[in-house]
Amino acid sequence: MPAPLISLVRWCCVVHDQSSLLYMWIVSCKLEFWGIWFVRDLRWWSSETVAVVTGGNRGIGFETVRQLADHGLTVILTSRESSTGLEAANVLKELGLSVDFHQLDVLDSLSIKKFAEWIEQTYGGIDVLVNNAGVNYNLGADNSVEHAQNVVATNYYGTKNVTQSLIPLMRPSAVGARIVNVSSRLGRLNGRRNRLEDKDLREKLANLETLSEELIDRTVSTFLQQVEEGTYTSGGWPQMFTDYSVSKLAVNAFTRLMAKMLSDRPDEGLPRRFYLRMKASFCANGMEIYMYLDCQRA
Ligand SMILES: NC(=O)c1ccc[n+]([C@@H]2O[C@H](COP(=O)([O-])OP(=O)(O)OC[C@H]3O[C@@H](n4cnc5c(N)ncnc54)[C@H](OP(=O)(O)O)[C@@H]3O)[C@@H](O)[C@H]2O)c1
């Protein structure tokens, strides 16, 4: 791509930083060649860039580790089970990728603490955190809240606790450290279907002036209490995959809150967003997933 065009693309990127129209255009048009060239030109990472991925032993987490390492970053694959994590990391190491392993159970505060200490001693800090670990016990179209506590604890509190423990270790840099929370459209606040019925609560969660950690925690604990009491079906919660939807709704709200709270860090520069193109052989229907990672600066 000629240099003036690259400058134009960069300028458009600045202008459209909020809407990311340009990135979406590249993705949706499947202009693979240009897309890769474009991303390469914006390369802000090196082998010194350290990324951590939770739940990296399989699924989307494993593929994220593989692609980040393939792009040249040093990636810490974490997993709650040491044996499966080590095995997964070794597969990638054998491909010549720079992948390290450490145990991390996002439900276990001691495991999070030990991991943070290890990171500090071994790498001094990190640049990218991908909160991917998650659970969903709903099958097919069936909704089940049988495991609601575990779903909310893993998807929301796990993401929150890991993030809060690792933020002090995130290195400020000219391009900004990045936190990526892997969420789901089921957690949308204002989707046409499958949303919270309580308009007032939706507005409070959407408004950065009223959004708080306490409000998010109160929302999920009210849901869990209603599950325990057997009254959740009339509580106005999302109808589809209720426990999972509530957990991801909380993740989305927490992501917006963190973006606001961390916005005064001194990190500067572009790009603040990037995407990974994922050929999803792990996906049940064999479809190709374009995973657009909306990165907040940490
Ligand atoms: N697949 C989809 O269609 C889809 C769509 C939207 C969003 N997502 C989200 O994408 C993320 C990954 O999904 P996936 O489809 O790749 O799921 P997956 O194949 O079931 O993998 C989930 C990963 O999370 C790990 N995990 C679960 N609990 C954990 C804990 N307490 N501590 C640490 N790791 C834990 C699992 O470890 P074990 O191997 O030990 O169980 C596994 O590595 C999740 O956040 C999910 O909600 C997925």
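## Helix α4

Helix α4 is mostly covered, with 9 of its 12 residues buried; helices here are DSSP runs of H or I with at least four residues, numbered from the N terminus, and a residue is buried if 20 or more other C-beta atoms, placed from the backbone, lie within 10 Å of its own. The structure is a predicted model, in which local features need pLDDT of at least 70, side-chain atom pairs count only at pLDDT 80 or more, and totals for chains, interfaces and linings use all residues. Residues are numbered from 1 along each chain as its sequence is written.

The buried residues of α4 are Ile 60, Gly 61, Phe 62, Glu 63, Thr 64, Val 65, Arg 66, Leu 68 and Ala 69. The end C-alpha atoms of α4 are 17 Å apart, which agrees with the 16 Å that its 12 residues should span at 1.5 Å a residue; the expected span is 1.5 Å times one less than the number of residues. Just after the helix, Gly 72 takes a positive phi of about 110°.

## Ligand shell

The ligand is surrounded by 23 residues, of which Gly 55, Gly 59, Ile 60, Ala 133 and Gly 134 are the closest; a residue counts as near when its C-beta atom, placed from the backbone, lies within 6 Å of the molecule. Helices α4 (59–70) and α7 (148–166) each supply at least two shell residues, and α4 gives the largest share, 3 residues.

By class, the shell holds 6 nonpolar, 13 polar and 4 charged residues. Ala, Val, Leu, Ile, Met, Phe, Trp, Tyr, Cys and Pro count as nonpolar, Asp, Glu, Lys and Arg as charged, and the others, Gly among them, as polar.

The largest nonpolar core has 61 residues, and Ala 51, Val 65, Val 75, Leu 77, Ile 126 and Ala 250 touch the most other members. Such a core is a set of buried Ala, Val, Leu, Ile, Met, Phe, Trp, Tyr and Cys residues joined through C-beta atoms within 7 Å. Helix α10 (residues 242–261) gives the most to this core, with 8 residues.

Of the 20 residues of α10, 15 are buried. From first C-alpha to last, α10 reaches 28 Å, close to the 28 Å expected at 1.5 Å a residue.

## Model confidence

The mean pLDDT of the chain is 80, and 75% of its residues reach 70 or more; pLDDT is the predictor's confidence in each residue, from 0 to 100. Over residues 1–38 the pLDDT is below 50. The pLDDT is also below 50 over residues 268–298.

Notes. Two residues are in contact if their C-beta atoms, placed from the backbone, lie within 7 Å.
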